[in-house]
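I opened my notebook to record what I looked up in this structure, one topic at a time. I wrote each entry in whole sentences, so that a reader new to such models can follow along.

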Amino acid sequence: MLPNSDNNNKKNFKMMVISSSILLALFIYTMFKSSSSIEGSSYYIGMVFLFALMLFAFGLNYFREKLKKYLPKNSSFQEAMNEVKPEQTVKYAQDNSSSVVEVTKSDIKFRDVAGIENTKAELSEIVDFLNNPKKYLKYGVKLPKGVLLVGPPGVGKTLIARAVAGEANVPFFYQSGASFVHIYVGMGAKKVRELFAKAKSVAPSVIFIDEIDAIGKKRTGQNNDERESTLNELLTCMDGFDGDNSVVVIAATNKIEVLDDALLRAGRFDRRVFLKLPSTKDREDILKLYLKGKKYSFDLANLAHQTVGFNSSALATLVNESLLNMIKRGDTSITDEDIMSAKQKVEYGSNEQKFLTDEELEILAISKAVKKFMSSYQENINKTIKSKSEMTDIIKYYLCGSIGVETIKKEPYNIDDMDIAKAYQLALLMKEQYKMIADVDSFISAIKIDLKEEISNHYDEIMDIKAKLEASGEVL
Ligand code: ADP
């Protein structure tokens with residue numbers, strides 16, 4: 001269990017006061033007993049010195065809170081963490097409770113995260129804030145308390161959150177959303193409170209809540225008292241930050257659209273970072289990272305092209321499996337065969353990590369073709385001041401890929417999740433911030449109807465674009 005810095009400081013001050021009082025009592029007692037054989041002046045000097053010492057100790061105790069500012073932050077964390085190996089977890093057991101809050105020292109750095117350059121650039125500002133909060137607080141700059149990482153599984157959301165803590169060298173609190181879900185009302189809320197209290201006590205620190213949708217789903221007010229009380233507590237704790245706590249909360253989700261609007265409001269998770277499946281260039285960078293220092297005889301750029309649809313985690317597994325194959329052969333260099341048989345294993349071993357089938361590629365080609373056809377809708381995406389109709393067009397652009405597939409294949413598919421999320425976010429902004437629309441769902445439904453009609457009317461042109469994309473190998 002980690003020592004709590006607050007308690008330690010209190011204890012130290014108390015000990016100082018007690019010891020100086022005892023010293024003073026002893027001194028007076030000695031003076032009294034042997035006053036006849038002591039010269040007057042030396043005993044007065046001694047008395048004054050001890051009184052001064054006691055006053056000093058009382059002063060320290062009284063100004064404890066103010067003085068804490070000048071003590072090195074996190075000292076208790078550093079002390080405890082020095083004894084903890086990187087990535088080892090320390091558990092804070094809570095009194096009279098079975099729940100635990102876990103803290104880790106993260107050794108992951110940005111250099112361990114390949115690709116996703118934009119995400120790293122966005123988060124480096126947070127690292128700087130954690131490293132040097134005074135630089136920002138001096139000017140009254142308030143950095144986001146909450147960062148929401150939105151993206152499919154295995155694209156590095158947890159890894160990048162660990163890297164933020166690692167780069168800033170601050171404690172990392174990992175908690176999965178599901179771990180807050182309890183049967184008894186109030187248990188989840190208690191765990192949220194404990195988590196935030198611990199993170200504050202060793203601030204600056206990073207809290208990471210994985211799969212926040214497990215607790216952050218829209219509140220219905222019906223039959224889910226436990227989840228809703230947990231979510232309310234999370235909102236309260238985030239509001240409770242007074243800006244100079246230097247606790248950054250990072251959360252991850254794959255489904256931003258199911259999150260309660262209150263979580264996305266200003267002062268909570270108001271910064272959002274979208275992560276996608278890695279592009280060809282990202283895949284090459286990730287493969288390079290995992291192959292660093294290893295010998296291989298296959299074409300890396302070619303492999304990056306052949307691994308369309310792989311997430312970053314699958315690429316890491318692919319390299320690992322091919323190394324195992326190499327070792328099995330008693331070789332020291334990875335060959336094409338090692339990679340190919342590893343790829344087969346990764347492809348068929350897990351449903352999440354596999355190549356796309358021809359049908360899946362067709363779905364992606366349709367989505368891409370519709371987007372290309374409707375690219376004029378995104379014209380104003382970078383404009384600072386936008387009209388309601390320009391914002392509506394941008395939402396149309398975000399939705400057109402998935403609606404295109406739904407219209408052409410006659411049923412919806414689970415694609416374009418990031419774009420759908422962006423569409424809902426923008427619509428939410430139009431409702432909450434600009435009061436342009438009354439209701440997000442009915443606004444989006446009307447856009448979908450328009451899109452379906454437009455796509456049906458231009459079916460042939462879209463199919464032409466699709467054929468061209470497929471012929472030029474530009475589907476992914
Ligand atoms: P997510 O949280 O998005 O589901 P993770 O961060 O848990 O994904 O990624 C799982 C594993 O995949 C990581 O532990 C790491 O080995 C690998 N990985 C993911 N993204 C990257 C990346 N950008 N660079 C290097 N490795 C990655």
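**Entry 1: what I am looking at**

I noted that this is a predicted model, in which local features need pLDDT of at least 70 and side-chain atom pairs count only at pLDDT 80 or more, while totals for chains, interfaces and linings use all residues. Residues are numbered from 1 along each chain as its sequence is written, and side-chain values use heavy atoms, with hydrogens and water left out.

**Entry 2: the whole protein**

I looked up the elements and found 20 helices and nine strands; these are DSSP runs numbered from the N terminus, where helices are H or I with at least four residues and strands are E with at least two. Of the 476 residues in the protein, 45% are buried, where buried means under 20% relative accessible area, exposed over 50%, and partly exposed in between, with a 1.4 Å probe and protein chains only. The accessible surface of the protein is about 25200 Å², and carbon and sulfur atoms hold 53% of that; such areas come from the Shrake-Rupley method with a 1.4 Å probe, and for residues only the protein chains shown count as cover. I also looked at contacts (heavy atoms within 4.5 Å): among those with a separation of 6 or more, 73% join residues 24 or more positions apart.

**Entry 3: the ligand**

Which residues are the closest to the ligand? The ligand is surrounded by 15 residues, and the closest are Ala114, Gly154, Lys157, Thr158 and Tyr290; a residue is near a molecule if one of its heavy atoms lies within 4 Å of it.

I then listed polar contacts, which are pairs of N or O atoms within 3.5 Å; within protein, one must be able to donate a hydrogen and the other to accept it, and residues adjacent in sequence count only if both atoms are side-chain atoms. Tyr290 has a polar side-chain atom 2.6 Å from a nitrogen atom of the ligand. Lys157 has a polar side-chain atom 2.9 Å from an oxygen atom of the ligand, and a polar backbone atom of Gly156 is 3.1 Å from an oxygen atom of the ligand. On its own the ligand has 550 Å² of accessible area, and the protein covers 79% of it.

Two or more residues of the shell come from each of α7 (157-168), α12 (280-291) and α14 (312-328), and α7 gives the most, with three residues. By class, I recorded eight nonpolar, five polar and two charged residues in the shell; Ala, Val, Leu, Ile, Met, Phe, Trp, Tyr, Cys and Pro count as nonpolar, Asp, Glu, Lys and Arg as charged, and the others, Gly among them, as polar. At least three residues of the shell come from each of domain 2 (103-274) and domain 3 (280-351), with bounds taken from an automatic or database domain assignment.

**Entry 4: backbone angles**

Most residues other than glycine have a negative phi, and most peptide bonds are trans. With that in mind, I wrote down some exceptions.

Ile116 has a positive phi near 30° without being a glycine; Ile116 sits in the loop between β2 (100-104) and α5 (117-131). Is Ile116 buried or exposed? Ile116 counts as buried because its relative accessibility is 14%.

Lys435 also has a positive phi, about 50°, although it is not a glycine. Lys435 is in the loop between α18 and α19 (440-457), and Lys435 counts as exposed because its relative accessibility is 63%.

The peptide bond from Ala203 to Pro204 is cis, with omega near 0°, and Pro204 is in the loop between α8 (187-201) and β5 (205-210).

**Entry 5: some buried residues**

Gly177 is in the loop between β4 (172-176) and α8, and Gly177 counts as buried because its relative accessibility is 0%. Not counting residues up to four places away in sequence, Gly177 touches Ile209, Asp210, Glu211, Ala214 and Ile215.

Ala304 belongs to helix α13 (residues 300-306) and is buried, at 0% relative accessible area. Beyond four places in sequence, Ala304 touches Thr280, Arg283, Glu284 and Leu287.

Asp419 is in helix α18 (residues 417-432) and is buried, at 12% relative accessible area.
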